[in-house]
Amino acid sequence: SGSRLTEIKEPSPLDGIEELDKFNGIWVADPAGNPMPEIPEGALLVVGPEGGLDLEEMAHLDRFGVRLFSLGRRRLRSEIAVVVMLSQAALKLQEHR
């Protein structure tokens with residue numbers, strides 16, 4: 001079976017991420033989203049600060065067809081949200097194999 005390596009980047013401003021259109025979809029963790037769907041390979045997963053992304057950041061991502069997904073009803077610290085997000089994504093991958 002093939003292995004996949006997840007790349008985790010240092011926190012950075014969204015406008016500093018080069019070539020957002022090269023990703024196979026952009027998914028943002030947000031309480032307003034639905035539960036995490038199956039995420040396609042090559043997608044960009046975004047976790048914002050505890051207060052969520054601001055309107056300017058969301059408008060920037062909207063140009064690239066951003067989709068929202070929820071990590072649950074509670075607000076999580078960013079560093080915890082990343083672990084929860086990657087765990088949920090790994091479970092989704094296992095379900096579809």
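The largest cavity has a volume of about 200 Å³. On a 1 Å grid over the protein atoms alone, a cavity is a set of points where a 1.4 Å probe fits but cannot get out; points are joined across faces, edges and corners, and a volume is the space filled by probe spheres set on them. The model is predicted: local features need pLDDT of at least 70, side-chain atom pairs count only at pLDDT 80 or more, and totals for chains, interfaces and linings use all residues. Residues are numbered from 1 along each chain as its sequence is written, and side-chain values use heavy atoms, without hydrogens and water.

Fourteen residues line the largest cavity, and A29, D30, P31, R75 and L76 lie nearest its centre; a lining residue has an atom within 4 Å of a point. Strand β1 (residues 26-35) gives the most to this lining, with three residues; strands are DSSP runs of E, at least two residues long, and helices are runs of H or I of at least four, numbered from the N terminus.

## Residue P40

P40 lies in the loop between β1 and β2 (44-46). Beyond its neighbours within four places in sequence, P40 is in contact (heavy atoms within 4.5 Å) with N24 and W27.

## Overall fold

The protein chain has two helices and three strands, in the order β-β-α-β-α along the sequence. Its C-alpha trace spans about 40 × 30 × 25 Å along the principal axes.

Methods:
On a 1 Å grid over the protein atoms alone, a cavity is a set of points where a 1.4 Å probe fits but cannot get out, and a pocket is an open set with protein on both sides within 12 Å along at least five of seven lines; lining residues have an atom within 4 Å of a point.
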